[in-house]
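Here are my notes for your first read of this model. Please keep the structure open beside them.

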Amino acid sequence: LEKVKSALELGKSARSIGLGEEEMDQNCQNDGALYFYGTSTGSSYIGGIVGFTLKPSGVSTCTNNGAIYMDGSNGAAGYIGGIIGYTANGGTITDLHNRGDITVAGLNKNVNASGIGAISGTNEITNSSSICNLKSISPDLNLGMFNGYAATGARKVSNSQVGGTIQRVGDEAPVTITTENFKNYLFSGNASYIAAEGTNYENITVVDASAGDDNTAGEDTTTQ
């Protein structure tokens with residue numbers, strides 16, 4: 001079953017954008033852009049596939065190609081992911097692929113944004129890819145290519161691809177993900193969290209996102 005959403009624009013009444021747990025399925029794809037604007041009085045959960053779930057293993061074999069744009073403010077926290085807005089509980093998350101750019105333009109507080117999702121718990125992400133451009137000017141920011149949650153979030157990525165750019169507060173220009181710096185940007189943090197090979201990541205391929213859709217093109221590296 002394939003679920004494809006068209007372009008979607010939601011204002012301040014929206015708290016969760018994406019499929020709910022009762023709608024979740026495997027083999028999902030989103031090609032539509034998601035726009036959030038205005039003000040939410042509570043936490044906001046924005047995902048290209050799933051907005052909020054406590055069953056992360058139920059989301060697999062999914063792809064997001066749609067851009068996600070958040071411009072506004074929220075009263076509590078913002079959780080934004082190319083695949084999953086927010087999830088918790090342990091387990092393995094597999095075969096998730098994000099190609100949609102993510103931009104957080106408002107002066108939001110406690111923003112957690114990522115190509116895959118804001119993931120809390122002892123999760124591992126495997127056989128997945130995050131190849132996109134992430135940008136935020138939020139003053140209180142957690143931004144990572146695979147996990148946009150704080151230090152308690154998932155801290156293991158394996159057999160996956162990463163590429164694109166990331167721009168955090170204070171960066172004069174977007175930082176291109178390369179073989180030299182990718183480990184600084186896999187996970188979130190107001191300061192770069194440097195992952196350790198064998199402990200936090202294994203077998204990561206860096207892809208030149210400017211080379212087009214061929215993920216075998218361009219610069220790459222495989223770590224053991």
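**Notes on the model**

1. Leaving aside neighbours within four places in sequence, Thr126 is in contact with Thr92, Ile93, Thr94, Asp95, Ser158, Asn159 and Ser160. Contact here means heavy atoms within 4.5 Å. Thr126 sits in strand β15, residues 123-126. Strands (E, at least two residues) are DSSP runs, numbered from the N terminus. Thr126 counts as buried because its relative accessible area is 10%; the cut-off for buried is under 20% relative accessible area, taken with a 1.4 Å probe and protein chains only.

2. Know what you are looking at. This is a predicted model, where local features need pLDDT of at least 70, side-chain atom pairs count only at pLDDT 80 or more, and totals for chains, interfaces and linings use all residues. Residues are numbered from 1 along each chain as its sequence is written, and side-chain values use heavy atoms, with hydrogens and water left out.

3. Next, strand β5. It spans residues 44-53, and nine of its ten residues are buried. Which strands pair with β5? One is β8 (residues 78-81), in the parallel sense over four bridges. Another is β9 (residues 84-87), also parallel, over three bridges. Two strands pair if DSSP finds at least two bridges between them. Ile46 stands opposite Ile80 in β8. Phe52 stands opposite Tyr86 in β9.

4. Now the rings. The structure holds six aromatic pairs. One of them is Tyr45 with Tyr79, which is stacked: 5.3 Å centre to centre, with 10° between the planes. This pair links distant parts of the chain, as Tyr45 is in β5 and Tyr79 in β8, 34 residues apart. Both residues, Tyr45 and Tyr79, are buried. The rings of Tyr45 and Tyr86 have centres 6.0 Å apart and planes at 50°, so that pair is tilted. The rule: rings of Phe, Tyr and Trp (its six-membered ring) pair if their centres lie within 6.5 Å; planes under 30 degrees apart are stacked, over 60 edge-to-face, the rest tilted.

5. Look at how the rings group. Tyr45, Phe52, Tyr79 and Tyr86 form one aromatic cluster.

6. Last, the cysteines. Cys28 is buried, at 4% relative accessibility. Cys132 is buried too, at 3%.

Methods. Buried means under 20% relative accessible area, exposed over 50%, partly exposed in between (1.4 Å probe, protein chains only).
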